[in-house]
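Please consider the sequence and the structure shown below before reading on.

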Amino acid sequence: MAESLTNAPEVEKLLNRAAGLDQPGGDERLKRIVHRIATEMCRTIEEFDVTPSEFWTAVGYLTRLGHADEVGLLVPGLGVETFLDVLMDEKERRAGLQGGTPRTIEGPLYITDAPLEKGEARLDQDPEEGEVLFVEGQVRDTAGTPVPGAVVDVWHANTKGFYSFFDPTPTPQSPYNLRRRIETDAEGRYRFRTIMPSGYGCPPDGPTQQLLTALGRHGQRPAHVHFFVEAPGFRKLTTQINISDDPYLHDDFAFATRDGLIPELVRHADPSEIKARGLDAPFATIRFDFELNREAANLPEAVVVREHAKAA
Ligand code: BEZ
Ligand code: FE
């Protein structure tokens with residue numbers, strides 16, 4: 001087709017009416033966004049000669065994606081959650097902000113109101129065979145001053161790659177297993193004991209994996225630990241650290257691995273160290289310090305409003 005049908009006057013009129021652009025009332029910005037999305041959809045159908053059967057297959061797919069509660073899985077899988085980070089980074093850079101721990105995606109597996117503890121916590125409340133991991137560090141501002149009273153909200157998967165509350169296995173975890181909020185001490189320090197996580201994999205029979213497979217992609221994430229770090233007067237940080245020896249470290253289906261978020265993983269097999277920790281097997285440690293940026297009126301909003309599940 002030489003001429004674009006999407007640009008034809010009758011189609012333009014149709015799309016204007018569909019987005020309410022020919023009507024007073026409603027939200028003007030929303031109208032323009034909906035108009036753009038509908039127009040791009042029509043343009044795509046036209047340019048790729050998408051048949052009606054293919055189109056309704058896609059509609060069925062999106063319906064199943066929603067029913068399976070996997071929209072929040074596909075969005076990072078398509079790189080769009082990372083794009084939001086790239087955009088926020090750029091807006092901050094243009095506003096003159098420098099430094100701070102890099103942000104990376106939140107992902108869809110956070111739940112609110114994990115138990116709050118002071119200074120230190122043990123995350124693995126459900127017994128599991130695995131390598132014990134100790135993580136510790138300090139929260140500081142960009143000038144190096146410690147931030148006491150910051151809340152380090154941490155969550156990660158178990159040794160099988162499943163998150164509590166979202167665990168599909170016949171013996172699911174306790175709701176807050178491997179989830180805690182830790183308030184930093186007077187020196188801005190936090191520490192926790194936990195169990196080494198495994199990487200997450202998309203449900204193999206779910207719609208997200210179905211599309212990834214059709215794109216020739218896998219749905220695996222490297223092992224990682226999530227954090228929100230918040231303190232009054234500072235910008236909220238959403239980030240993750242990676243377990244550095246994971247084979248998917250630089251092949252994350254959700255595109256969350258970033259320089260500055262791969263701390264050294266130290267393995268300890270010395271019997272005296274093992275004994276000193278009260279353990280009977282080798283363990284691992286990670287040190288990771290967070291650098292928070294101060295809040296300022298000219299900066300884009302750092303708190304992302306997003307629906308979260310609640311365990312209780
Ligand atoms: C995760 O954090 O484990 C995750 C992130 C994006 C998609 C799926 C899982
Ligand atoms: Fe995760």
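Helices (H or I, at least four residues) and strands (E, at least two) are DSSP runs, numbered from the N terminus. By that rule, the protein has seven helices and 13 strands. This is a predicted model, in which local features need pLDDT of at least 70, side-chain atom pairs count only at pLDDT 80 or more, and totals for chains, interfaces and linings use all residues. Residues are numbered from 1 along each chain as its sequence is written, and side-chain values use heavy atoms, with hydrogens and water left out.

**Overall dimensions**

- Taken along the principal axes, the box filled by the C-alpha atoms is roughly 80 × 45 × 35 Å.
- The protein has 312 residues, and 40% of them count as buried; buried means under 20% relative accessible area, exposed over 50%, and partly exposed in between (1.4 Å probe, protein chains only).

**The largest pocket**

- On a 1 Å grid over the protein atoms alone, a pocket is an open set of points where a 1.4 Å probe fits, with protein on both sides within 12 Å along at least five of seven lines; lining residues have an atom within 4 Å of a point.
- The volume of the largest pocket is about 710 Å³, a volume being the space filled by probe spheres set on the grid points, which are joined across faces, edges and corners.
- Its lining consists of 36 residues, and Leu 84, Asp 85, Met 88, Arg 103 and Val 304 lie nearest the centre.
- Two or more lining residues come from each of α4 (71–77), α5 (80–94), β9 (237–242) and β12 (290–292).
- The most is given by α5, with nine residues.
- The lining divides into 14 nonpolar, eight polar and 14 charged residues; Ala, Val, Leu, Ile, Met, Phe, Trp, Tyr, Cys and Pro count as nonpolar, Asp, Glu, Lys and Arg as charged, and the others, Gly among them, as polar.

**The second largest pocket**

- The second largest pocket holds about 600 Å³ of space.
- It is lined by 24 residues, with Asp 69, Leu 73, Pro 108, Leu 109 and Phe 166 closest to its centre.
- Helix α4 supplies the largest share of this lining, three residues.
- The lining comprises 15 nonpolar, four polar and five charged residues.

**Val 71**

- Val 71 is found in helix α4.
- Val 71 counts as partly exposed because its relative accessibility is 43%.
- The C-alpha atoms of Val 71 and Glu 106 are separated by 14 Å, and the two residues are 35 residues apart along the chain.

Definitions and conventions. Chains are lettered from A and ligands numbered from 1 in the order in which they are written.
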